[in-house]
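The sequence and the structure are shown first.

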Amino acid sequence: MSYRPLSEREINRGRSLETVGNRIVCLSTVGSTNDWVKAAAVEGAAEGLAVFAEVQTAGRGQVGRRWIAPPGTCLLLSILLRPQFSPDLLPYLTMLGACAMADAVVDVTGLSVRLKWPNDAITDRGKVGGALAETSIVDGAIEYAVLGIGLNVNLTRRALKEIPGATSLQAELGRSVNRNRLARSFLAGLDERYRLLRSGHPDAILTEWRDRLSTLGENV
């Protein structure tokens, strides 16, 4: 293994107890973290569960596209949420996930990352990450939601040649990035934004999302 693995201890270093990430599971290989978390949700897992994987064999992105990620190079995770608000607010989960991802990149690397509607994180060189929310609604109420995140962290430029239109933080910076620190920053930012949404402040999420968008007024 030539990479530093994700670690629950490292991700939790210095964090206070929060909703998002109150339980962290780090897997070596999984089909899909979203599917793993959905199964846990059906079994009654508590809100806030965050599941990371070094490898996904069936990861997916927008409109079912396959997410390609060499072992140990990306942040691949899913978070279980059980929001007690109207299903009309579900699109905000993708927004707050994308905003938290972009903000974590800025926090850890200083690299400017913008958002492309509806859920892509991009730089001038290409796509660096994405957010995907999947939900279960029963009798008009949200049973659970699973927010999946994929972020290209330490993919080399050679590996990126196999993924048209993609880039990575390492390719942008010319150096590797500590994935545990990035995960820690992301979970903290997601928890903060999720609290805003649950407390009745969706406009704050929408404003940030719009401010980070690079595609307003453009065809996408």
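In this predicted model, the lining of the second largest cavity draws at least two residues from each of β3 (74–81), α3, β7 (141–152) and α6. The residues that line this cavity are L75, L77, M101, A104, I149, L151, L182 and F186. By class, the lining comprises eight nonpolar residues, with no polar and no charged ones. The volume of the second largest cavity is about 40 Å³, and the search of the whole structure finds two cavities of 30 Å³ or more.

**Packing of α3 and α6**

Two of the elements that line the cavity, α3 and α6, also pack against each other. Two packed helices are described by the angle between their axes and the distance between the axes. The table gives these values for two helix pairs.

| Helix pair | Crossing angle | Axis separation |
|---|---|---|
| α3 (residues 91–109) and α6 | roughly 140° | within 8 Å |
| α6 (residues 179–198) and α7 (residues 202–212) | about 130° | 7 Å |

The crossing of α3 past α6 is right-handed. On the α3 side, the contact involves Y92, L93, L96, G97, C99, A100, M101, D103, A104, V105, D107 and V108, which meet R181, L182, S185, F186, G189, L190, R193, Y194 and L197 of α6. These contact residues comprise 14 nonpolar, three polar and four charged. M101 and A104 of α3, together with L182 and F186 of α6, take part in this contact and are also among the residues lining the second largest cavity.

**Packing of α6 and α7**

Helix α6 also packs against α7, at an angle of about 130° and with the axes 7 Å apart. That angle makes α6 oblique to α7. R193, L196 and L197 of α6 form the contact with P202, A204, I205, E208 and R212 of α7. Five of the contact residues are nonpolar, none is polar and three are charged. R193 and L197 of α6 belong to this contact and also to the one with α3.

**The second largest pocket**

The second largest pocket holds about 170 Å³ of space. Its lining consists of S2, Y3, R4, G72, T73, N154, T156, Q170, V177, N178, R179 and N180. Divided by class, this lining has two nonpolar, eight polar and two charged residues, whereas the lining of the second largest cavity has eight nonpolar, no polar and no charged residues.

Technical notes
Residues numbered from 1 in each chain as written. Predicted model: local features only at pLDDT ≥ 70, side-chain atom pairs only at ≥ 80, totals over all residues. Heavy atoms only, no water. 1 Å grid on protein atoms, 1.4 Å probe; cavity = no way out; pocket = protein on both sides within 12 Å on 5 of 7 lines; lining within 4 Å. Points joined across faces, edges and corners; volume = space filled by probe spheres on them. Nonpolar A, V, L, I, M, F, W, Y, C, P; charged D, E, K, R; others polar. Axes fitted to C-alpha atoms, helices over the stretch in contact; angles between N-to-C directions. Helix = DSSP H or I, 4+ residues; strand = E, 2+ residues; numbered from the N terminus. Parallel < 35°, antiparallel > 145°, perpendicular 65-115°, else oblique. Contact = heavy atoms within 4.5 Å. Left-handed = near helix turned anticlockwise from the far one by under 90°.
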